[in-house]
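Hi everyone, thanks for coming.

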Amino acid sequence: MEKIAVMTSGGDAPGMNAAVRAVVRTALYLGMEVVGIRRGFTGVMNGEFVPMSLGSVADTIQRGGTNLYTARCEPFKTEEGQREGYEALKKAGIEGLVVIGGDGSFHGAQALSRLGIRTIGLPGTIDNDIAYCDATIGFDTAVNTAIEAIDKIRDTATSHERTYVVEVMGRNAGDIALHVGLAGGAESILVPERPFSMDDIIRKLERGVARGKKHSIILVAEGAGRGMDIGKYLSEHTGFEVRVTVLGHIQRGGAPSAKDRVLASQLGAYAVQLLRDGESGKMATIYKGVLQAIDFDTVFSTPRLPDMSLYDLAETLAI
Ligand code: ATP
């Protein structure tokens, strides 16, 4: 394989730049030519290809977001769009492609693989919602960013003896909420994977106040409900002063954590080795501590759950 490309797609995640850097440097180390594709599959279709050198990824490992930009590209979901993308890649002499993104992006990568461009996917999303991943690139940073915010909210919650409802991201997955809730000492954690009752939450709040608790934090995964609605319900059904904070996009930004930089570097290098070895249609991942490549079809067909033992532990500790 002489020429490969790398792109980021879907929502940005901290560590994407570190992954691109690892792809570029490994490819150059192995004597391949490498190009960056700007704006995800939009850039594939439009031929937004930029030659990458050792220097073009210098000073990027610590940067959040993605220097290659990212996009959501509806036309690429059609056969026509995919054919157009394939032709553009072919014309540029690109034989292999590394796609860094979430499972939507992997569907696009799989389409190109079926058309004849070798593709490897890297799990890059803060949501951690991809099967066969111990963690996705960006998840650790997002959890740490949210924890920092929770610690600050806790200070004001204690000072004013208030109840805080904090909504975190995660799409349909409760991973961010579970990790942040456990690490931030939340009283209740609401995740889409576990049904909850508002009565139970209220009983818990009342029990806490009865034993002299000065504040309570209720963590809501965006997939479980809207923080505003939960806060309003609690205000209306208790005598407590309730405030709501939606952390939103701050969870997507910022410098990647050391853990995300290491993961991104390992996966980026591995993806290039897989392409060199003739692999295609697979996700490079660390799963159960082992660096491995899993077929996209297996990834798509496997339902995944967060580690729900964390939920049970958080419940026990918040007694
Ligand atoms: P995140 O989890 O951060 O949202 P994602 O990769 O899942 O990332 P999507 O918006 O679902 O984000 O997908 C990103 C892009 O991948 C889409 O805009 C589209 O260009 C392409 N894509 C998504 N689904 C498909 C599909 N079924 N077939 C081909 N391409 C797809």
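Predicted model: local features only at pLDDT ≥ 70, side-chain atom pairs only at ≥ 80, totals over all residues.

Residues are numbered from 1 along each chain as its sequence is written.

Okay, domains. The protein is split into domain 1, which is 3-138 + 256-300, and domain 2, which is 140-252; bounds like these come from an automatic or database domain assignment. Their C-alpha centres sit 34 Å apart. Where the two touch, domain 1 puts in 15 residues and domain 2 puts in 13; contact here means C-beta atoms, placed from the backbone, within 7 Å. The domain 1 side of that contact has five nonpolar, five polar and five charged residues. For those classes, Ala, Val, Leu, Ile, Met, Phe, Trp, Tyr, Cys and Pro are nonpolar, Asp, Glu, Lys and Arg are charged, and the others, Gly among them, are polar.

Now the ligand. Which of the 19 residues around it come nearest? They're Gly10, Gly11, Gly102, Gly104 and Gly108. To be near, a residue needs its C-beta atom, placed from the backbone, within 6 Å of the molecule. By class, the shell has four nonpolar, 11 polar and four charged residues. Helix α4 (103-115) supplies at least two of the shell residues, and so does α2 (40-46). Helices (H or I, at least four residues) and strands (E, at least two) are DSSP runs, numbered from the N terminus.

Next, look at strand β1, residues 3-8. Five of its six residues are buried, so the rest of the structure largely encloses it. Buried means 20 or more other C-beta atoms within 10 Å of a residue's own, exposed means 12 or fewer, and partly exposed is in between, with C-beta atoms placed from the backbone. β1 pairs in the parallel sense with β2 (residues 33-37) over five bridges, and pairing takes at least two DSSP bridges. Ala5, for instance, has Val35 as its bridge partner in β2. β1 also runs parallel to β4 (residues 96-101), again over five bridges, with Met7 partnered by Val99.

Last stop: Arg211, in the loop between α7 (198-210) and β8 (216-221). Arg211 counts as exposed because it has 6 C-beta neighbours inside 10 Å.
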